[in-house]
Amino acid sequence: MTIDIKTHKTADDVIIELSNDLSETMSLPNIKPLLSQRVIFECENIKYINSEAVQLWAHWLSKLDERIQIVFRKTPPRVVDYFNIIDGFLPTSATVESFFVPYECEKCEHVELYLAQRGKDYIDSSAGEAVQINLPKIINCPGCQGAMELGIWKEKYLKFLIVKSGSGVTT
Ligand SMILES: [Zn+2]
């Protein structure tokens with residue numbers, strides 16, 4: 001599959017849509033957002049990303065004016081893993097608006113990605129308070145109607161939220 005990066009601009013935002021396989025050949029657009037614009041990454045269709053692409057992405061982010069608001073939207077598990085293992089990839093000032101969490105069915109082994117949304121499934125910390133995590137304990141399996149449970153180790157997968165807050169987690 002090829003790398004596919006599309007950029008749309010509105011008065012308020014620069015939206016960068018990333019799709020398919022992101023590798024060392026990816027090239028992010030050469031843009032100069034206004035300070036009033038947010039830079040939004042639409043991540044839902046990223047199928048694969050390697051660490052070289054993450055390094056390029058992190059470097060690109062580091063060159064933006066730090067006053068610009070950065071938003072990650074519909075981030076898939078593979079990118080969340082890199083938030084957790086690559087220091088500085090997720091800028092401390094950035095907002096993760098939504099991200100996918102895998103749930104697993106014990107009966108039929110189906111894996112479903114649940115979209116966790118900021119303000120509903122998790123509440124960012126403010127003024128030194130802990131992050132609140134309100135993820136559903138179980139969801140219904142679309143295959144067998146069985147109960148699906150979290151397919152992640154919370155402390156590890158949600159580390160990026162906790163590190164950003166610097167003050168622990170409430171579940
Ligand atoms: Zn099932």
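This is a predicted model: local features need pLDDT of at least 70, side-chain atom pairs count only at pLDDT 80 or more; totals for chains, interfaces and linings use all residues.
Trainee: Noted. How many bridges join β6 to β7, and do they run parallel or antiparallel?

Mentor: Seven bridges, and the two strands run antiparallel. For a residue pair to click on, take Val 101, which stands opposite Tyr 114 in β7.

Trainee: And on β6, which side chains are buried?

Mentor: The side chains alternate along β6, residues 98-105. Phe 99, Val 101, Tyr 103 and Cys 105 point to one face and are buried.

Trainee: OK, zooming out. What's the strand order in the sheet?

Mentor: It goes β7-β6-β11-β10, four strands in an open sheet with antiparallel pairing.

Trainee: Which ones are the edge strands?

Mentor: β7 (111-117) and β10 (138-140), each of which pairs on one side only.

Trainee: How much are neighbouring strands turned against each other?

Mentor: By 40 degrees on average, if you ignore direction.

Trainee: Then what about β10 and β11, over how many bridges do they pair?

Mentor: Three bridges, in the antiparallel sense, with β11 covering residues 147-150. Look at Ile 139 there: its bridge partner in β11 is Met 148.

Trainee: Switching topic: where are the domains?

Mentor: The domain assignment gives domain 1 as 1-96 and domain 2 as 100-171. Their C-alpha centres lie 22 Å apart.

Trainee: How many residues are in contact between them?

Mentor: 10 residues of domain 1 are in contact with nine residues of domain 2.

Trainee: Which element gives the largest share on the domain 1 side?

Mentor: Helix α2, residues 77-85, which supplies four residues of the side touching domain 2.

Trainee: And how does that side of domain 1 divide into nonpolar, polar and charged?

Mentor: Six residues are nonpolar, three are polar and one is charged.

Trainee: I'd usually reach for an area here. What is often given as the size of an interface?

Mentor: Often it's the accessible area lost when the parts come together.

Notes:
Residues are numbered from 1 along each chain as its sequence is written. Domain bounds come from an automatic or database domain assignment. Two residues are in contact if their C-beta atoms, placed from the backbone, lie within 7 Å. Ala, Val, Leu, Ile, Met, Phe, Trp, Tyr, Cys and Pro count as nonpolar, Asp, Glu, Lys and Arg as charged, and the others, Gly among them, as polar. Two strands pair if DSSP finds at least two bridges between them. Axes are lines fitted to C-alpha atoms, for helices over the stretch in contact, and angles run from 0 to 180 degrees between N-to-C directions. A residue is buried if 20 or more other C-beta atoms lie within 10 Å of its own, exposed if 12 or fewer, and partly exposed in between; C-beta atoms are placed from the backbone.
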